[in-house]
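Here are a few friendly notes to read alongside the model. Have a look at the structure first, then work through the points in order.

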Amino acid sequence: MKKSIFIKAFLIVVFISFTVSASAQQELFQLPKEFVYAKELIPTLRSDMRYYSSNNFIGKPIDGYIKPKCILTKEAAAALKNVQDELGRLGFGLLIYDAYRPQKAVDQFVKWAEDETDTIMKNRFYPNLNKSELFDKEYIAKKSGHTRGSTVDLTIVSLTTGHILDMGSEYDLFDEKSATDYPNITRNQRAIRLLLKRRMEKHGFKSHSKEWWHYTLAKEPYPDKYFDFEIE
Ligand SMILES: [Zn+2]
């Protein structure tokens with residue numbers, strides 16, 4: 001009898017300590033107060049977080065991307081919501097490839113670019129450049145606007161089917177074809193690049209001349225701050 005009471009008490013202690021440690025783990029990650037999960041503010045937003053996966057110019061998941069979440073400063077997310085609302089009236093929506101990016105991810109990009117032996121993804125992402133040129137052409141840099149939390153890489157999709165519109169070059173193609181004003185694309189591709197550019201600029205973002213997908217909030221709230229918390 002005494003023995004069974006002892007076993008019961010033991011099991012209760014084990015159960016309680018298990019429950020406490022599980023809830024402590026759940027509470028472990030807290031998004032910094034300056035940031036939000038963009039989809040909580042914009043439920044119709046789509047995403048394909050490329051650096052969480054191997055489908056990117058390095059060919060493997062990137063440091064600091066623990067979960068495929070789209071995180072932005074509150075200000076950038078609010079501005080993006082206006083773009084999504086306006087595109088929605090035309091039957092379109094946004095698809096995010098990258099948003100807040102931890103400094104450790106940028107450090108990995110730099111290390112990768114300095115390693116000339118690793119050219120696994122060259123044919124798809126930088127067919128006309130040597131890796132050493134990626135710094136000079138500003139496709140890779142030691143600091144990125146993404147790390148300040150108000151920069152976003154994105155494209156346009158059909159709101160109903162999710163079909164990605166043709167911009168004339170693939171996301172993260174490090175090539176002159178990706179310049180927003182690149183002339184040798186079809187009229188339709190140009191119109192879609194401009195559709196994105198006009199809506200983003202109207203709602204406070206500035207474009208990047210070399211990458212049609214890259215936009216930064218003009219009045220970003222942390223212009224000198226480079227964050228490094230992991231994405232989870
Ligand atoms: Zn970008």
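1. Two residues are in contact if their C-beta atoms, placed from the backbone, lie within 7 Å. Helices (H or I, at least four residues) and strands (E, at least two) are DSSP runs, numbered from the N terminus. Please keep in mind that this is a predicted model: local features need pLDDT of at least 70, side-chain atom pairs count only at pLDDT 80 or more, and totals for chains, interfaces and linings use all residues. Residue numbers start from 1 along each chain as its sequence is written.

2. Let's begin with helix α7, residues 187-202. Its 16 residues reach 22 Å from first C-alpha to last, close to the 22 Å expected at 1.5 Å a residue (the expected span is 1.5 Å times one less than the number of residues).

3. Which residues of α7 are buried? They are I192, R193, L196, R199 and M200. Here, buried means that 20 or more other C-beta atoms lie within 10 Å of a residue's own, exposed means 12 or fewer, and partly exposed is in between, with C-beta atoms placed from the backbone. Viewed down the axis of α7, the buried residues fall within an arc of 135°, so they line one face of the helix (the arc is that of the directions from the helix axis to the C-beta atoms).

4. On the face of α7 turned away from the buried side sit the exposed residues R187, A191, R198 and K202. The cover over its buried residues includes α3 (74-88), β5, β6 (205-208) and β7.

5. Strand β5 (residues 151-158) has six of its eight residues buried, so it is largely enclosed by the rest of the structure. Strands pair if DSSP finds at least two bridges between them. Three bridges join β5 to β7 (residues 211-217), and the two run antiparallel.
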